[in-house]
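Visitor: I would like to go through this structure term by term, asking each time what the wording rests on.

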Amino acid sequence: MGKKTAVLVGLGDYYSERATGYSSLPFVYQNLSDLVDILTTYKWTVYTPIVDSAATEKNIFDSAIEKIGSLESDGWFLFYYTGHGALKTDSEMYLVNSAENFRYDLVLPINDFIFNYEYTKLTEFFRSKCPDGHMITIVDCCHAYGLITDFQTQQSFHTIIAASQKEEQAYYADNSFFFKALKQTLLQTNEFQQIKDSIEIILPRMYRFSNCVIHIADNFQNSQL
Amino acid sequence: MNKNAFIITNAVLAISALILWLKDEKAVSVFLISILLLFFIFWILVRVVFRVKYTYGISDIFIGDEGGFSLSRLQAVVWAFIIIAYQLSVAIALGVNQMPNAMYYYELTFSEETLFLLGLSLGSYISVKGITVDKINKHPELIKHRKPKFSDIIIGDNGIDFSRVQMLIWTVIALFVFSTKVVYFINEIIGVTDPSQFKVLFNSNVDQFLEFKKDGNETTKGHLPYLPWSFLVLMGLSQGAYIGKKLIPTFKLDDLKLNKEEELRITISSLNTKKALLSNILTKTAANNISEIDRKNIANLENEIAAAQKKVEELNKEMQLIQEYKK
């Protein structure tokens, strides 16, 4: 197993401070802090998360490409996003990241958001750079699985943990129900299969149903985080 | 009203009644005597028959559910009192009448306006009680834990309450006007010389009386005490305004301050948590960063922490201002 590198992105107060019309997600910072602690425990190299106004499309991609570029062929890369997600069309999902002209009273600067097909390019880049590596995408937002659906064929190297189905919202109260379940699980186990089983049991107990999606990459079914 | 005030009031009433009687103003005198008699009956019932213990003297009867003097109670009690006194004075007036067995002609009749007036004041009292009890159930802290003051009847949550003042003024005017009509009625009863006139007197409202007069029926004497309908409508509007205002939530500066303080406290706590979390993240991750992009992300996080700190300081100042204003 090669080097394990994680890039984390979180947008919490950004939405309300910039009058975007999206609600503030104050629990984002807690989630980032918890994940930093957990990944550090599992020997990941976690870079300083990209938070709020710094979380532009360019900065996120530049950071991710730089970290993937520094990996060996068997390197592991984890991308975590927590914030708002939305659908443009049935097949186009985007992460509501920071953008210069992002105001509620203007037309959404949609070209500055990260779409599923753009994220696909990142995974292709990872595939070319790390042919024996493992990419893990954790998306904690509404329509989360929409970021990945167009990319089903590459399940051999890509593990996907999404808070919600493409067509559905991710639910939260004082924190996102998905992250609570994920954290509870990761504190007890780092084996992917157990993580999958555990989240799918815990989440419905916390909320009325589970709409998260977890696909473990074919080549890493018996691996550990 | 304490015991001395009650005695002095009765003494003044008794002396006035005596002077007026001697000056041959028998109708006014009879009305005052009936009020005095009613006070006495009330005292006998409360202190001798039922042995009720007072908290604040006889004025207990005017104290509302919130613990202060209640205008609607005062109004309901005074109207009920005056209307009972009116019937009592009719009975006394029949006794004063020179005709033998005049008491035989006594009839317990009221004009429509009188009944409407009593219904209005009692309805207002019940409505206000309902509103107050509901308010207290939701906010028990509103019960006044101080000695009730007579000024409570015109003082609202935020000082003098115009809806109360106007209702009080109209009530006083209505009481005066109605009392003059009662005195006129008593005067007519005392002066009746033909027994058949009692029947007419006890069953004639003012409209019938005026109709008789128009027809040249000179033997018709007087009519039941009344208040003009236009005045009753005015009383209804006045009471409606008073009750309507009670239904509207009161603007309370103290509550606003408390809410604002609570809001600020929550925001400050949330910003402090954010600061602590981002600082923890920075401590745990800074060593891994080597590139220009990493440094930018570190700088951004530091800016976020500084911005949160600045905001906390601003909010603390705002909190201090609110707390100082409170003093």
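Visitor: What should I know about the model and its numbering?
Guide: This is a predicted model, in which local features need pLDDT of at least 70 and side-chain atom pairs count only at pLDDT 80 or more, while totals for chains, interfaces and linings use all residues. Residues are numbered from 1 along each chain as its sequence is written, and chains are lettered from A and ligands numbered from 1 in the order in which they are written. With pLDDT being the predictor's confidence in each residue, from 0 to 100, chain B averages 85, and 92% of its residues score at least 70. The model scores ipTM 0.90 and pTM 0.59.

Visitor: Why does B:Tyr242 count as buried?
Guide: A residue is buried if 20 or more other C-beta atoms lie within 10 Å of its own, exposed if 12 or fewer, and partly exposed in between, with C-beta atoms placed from the backbone; B:Tyr242 has 24 such neighbours inside 10 Å and therefore counts as buried. B:Tyr242 belongs to helix H8 (residues 229–247) of chain B. By this criterion 49% of the 225 residues of chain A are buried, and for the 327 residues of chain B the figure is 24%.

Visitor: Which residues does B:Tyr242 touch, leaving out those up to four places away in sequence?
Guide: Two residues are in contact if their C-beta atoms, placed from the backbone, lie within 7 Å, and B:Tyr242 touches B:Ser163, B:Arg164 and B:Met167. Its C-alpha atom is also separated by 8.9 Å from that of B:Val128, 114 residues away along the chain. Among contacts in chain B between residues at least 6 apart in sequence, 72% join residues at least 24 apart.

Visitor: How do you know the relative direction of H3(B) and H5(B)?
Guide: Axes are lines fitted to C-alpha atoms, for helices over the stretch in contact, and angles run from 0 to 180 degrees between N-to-C directions. The axes of H3 (residues 71–96) and H5 (residues 162–191) of chain B come within 10 Å and cross at roughly 5 degrees. Angles under 35 degrees count as roughly parallel, over 145 as roughly antiparallel, 65 to 115 as roughly perpendicular and the rest as oblique, so H3(B) and H5(B) are roughly parallel to each other. Their contact has 16 nonpolar, four polar and one charged residues, where Ala, Val, Leu, Ile, Met, Phe, Trp, Tyr, Cys and Pro count as nonpolar, Asp, Glu, Lys and Arg as charged, and the others, Gly among them, as polar. The residues that meet include B:Leu71 and B:Ile82 in H3(B), and B:Arg164 and B:Met167 in H5(B).

Conventions. Helices (H or I, at least four residues) and strands (E, at least two) are DSSP runs, numbered from the N terminus.
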